[in-house]
Structures are given as structure tokens and as C-alpha cells.
Amino acid sequence: MLKAPIGILGGTFDPIHIGHLRPAIEARAALGLAEVRLIPNHIPPHRASPFCSSEQRLAMVRLAAAENPGFRVDERELQRDKPSWTIDTLIELKQELPDTPLCFLMGMDSLLSLPSWHRWRELLDYAHLVVSLRPGWQPDYPTEVAELLARHQTQYPQDLHRHRQGYIWLSDNLPIELSATRLRALLAAGQDPRYLLPASVAGYIAQHRLYQPTP
């Protein structure tokens, strides 16, 4: 018998903010996820090196998880001395949790860029994909992504409980137009980040003088 599914949310988290957390909270409620694992990566394969160290980003993710019941931190990618490929993490988790469906949480931008991911066609062999939609936005899917949705999309959350992997579910979310890049720019400009990230994370950033204004 399968156990309740868990959510997997990976990212640079530089810093972690409501744009990461709110869709994960909504997905957990909508899908009845047993937990959401926050997995900060060490060497992001699709973007520049993080501004903050792995230790600082991990500390902020721990603080954010502590404020959200049902969230926990998974440090496995920080312990690898190679790019943080999602497929590697899903394979490891599937070996550890063979009877637990894995729901990999991502934004629509990530889905649209999926064909550029390492071994992307194998992701659904190990997990379901849960994609946060922007309300009212009609994306122009690349051909490969459109074909993937045609084969794997479901309208029924129960499918993510009944099967170990292989489905894509599109999740309507509150519209939050916030990126870590924009938040870092706001902090560098000396602006107040209140309500854009957990209070404990904002306190950590202030205490350690992270993302400080450029002289």
C-alpha cells in the first residue's frame, strides 16, 4: 500500500522567500502531502553561483522550514561536489522511499524550460510533477512540453496518491510576482523586505548584513 505523497522543492534559495513558500503551502493543502522537503542546491546547473554561501542559504532555509508546519530540510545536494541535478536527487529519494509517491514542485517557467534539464525525460520515471500556474496566463508550450502534458497531465489529485510517479498536475496559485533576483535588488537598495520572506529569514539577513547596499 502506498503512503501519502511528499513534496520536493529544490532551489538556490538565495534567499528563500514567499514566492518559494506560498505555492508549496498551497500544493501541500490541495494534494494532502505528508510533508514538503526543501532541498537547497550546492552548484546550481542553470544559473550563476549564489551570492550567499551554502551555509548561509541552508541557515535561511532552516529558519523558513521552522515557521511552516510540515516542512523539513533535506541537505543532500549540499553534500555533493557536483552540479545539483534533479534526476540524481529523485533517484536517491525513490530508493529511500519506494512506497512514497514523490511530487516535485516547480513553477511554470521551469516546466517551459524542462527540455534543457539534465535527463529530463526520466523525471517522470521517479516522481510526479506539480506545476504552479499563474492565474490567467496561457503559456506557449514548446512542442516537447506540450507532448509531455498530453501524455501525462491529470486533472485528478487522487492520481498522485494512487501511483508512485508519472503524472503532471497543474496547480492554481495566488499570483505572487517575486523572484530572488528582485528581492536581492530590493535589499541592495536598502528597502524593507517585510512580508516578502519569513520574519526569521529577514532577521538573519539583517544580522549577517547579507545583500547589502552597494557603496
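**Helix pair.** I began with helix H2 (residues 54–66) and helix H8 (residues 199–207), which pack at an angle of about 150° with their axes 8 Å apart. That angle makes H2 roughly antiparallel to H8. My notes on terms: helices (H or I, at least four residues) and strands (E, at least two) are DSSP runs, numbered from the N terminus. Axes are lines fitted to C-alpha atoms, for helices over the stretch in contact, and angles run from 0 to 180 degrees between N-to-C directions. Under 35 degrees counts as roughly parallel, over 145 as roughly antiparallel, 65 to 115 as roughly perpendicular, and the rest as oblique.

I also looked at who meets whom: Gln56, Ala59, Met60, Leu63 and Ala64 in H2 meet Ser200, Val201, Tyr204 and Ile205 in H8. By class, this contact of H2 with H8 has 7 nonpolar, 2 polar and no charged residues. Contact means heavy atoms within 4.5 Å. For the classes, Ala, Val, Leu, Ile, Met, Phe, Trp, Tyr, Cys and Pro count as nonpolar, Asp, Glu, Lys and Arg as charged, and the others, Gly among them, as polar.

**Ground rules.** The model is predicted: local features need pLDDT of at least 70 and side-chain atom pairs count only at pLDDT 80 or more, while totals for chains, interfaces and linings use all residues. Residues are numbered from 1 along each chain as its sequence is written, and side-chain values use heavy atoms, with hydrogens and water left out.

**Aromatic pair.** How many aromatic pairs did I find? The count comes to 1, where rings of Phe, Tyr and Trp (its six-membered ring) pair if their centres lie within 6.5 Å, with planes under 30 degrees apart counted as stacked, over 60 as edge-to-face and the rest as tilted. The rings of phenylalanine 104 and tryptophan 117 have centres 6.1 Å apart and planes at 85°, so I logged the pair as edge-to-face. The pair links distant parts of the chain, 13 residues apart: phenylalanine 104 sits in strand S4 (residues 102–107), and tryptophan 117 in the loop between helix H4 (108–112) and strand S5 (128–133). Both phenylalanine 104 and tryptophan 117 are buried; buried means under 20% relative accessible area, exposed over 50%, partly exposed in between (1.4 Å probe, protein chains only).

**Phenylalanine 71.** I found this residue in strand S3 (residues 71–73), buried with a relative accessible area of 10%. The C-alpha atoms of phenylalanine 71 and valine 36 are 4.8 Å apart, though 35 residues separate them along the chain. Leaving aside neighbours within four places in sequence, the contacts of phenylalanine 71 are Leu21, Ala24, Ile25, Arg28, Val36, Leu38 and Ala65.

**Asparagine 41.** Buried or exposed? At 9% relative accessibility, asparagine 41 counts as buried. I placed asparagine 41 in the loop between strand S2 (36–40) and H2.

I noted a cis peptide bond from aspartate 14 to proline 15, with omega near 5°. Proline 15 lies in the loop between strand S1 (6–11) and helix H1 (18–31).

In the segment after H8 I stopped at arginine 209 and tyrosine 211. Arginine 209 has a positive phi of about 55° although it is not a glycine, and tyrosine 211 also has a positive phi of about 55°. At 59% relative accessibility arginine 209 counts as exposed, whereas tyrosine 211 is buried at 10%.
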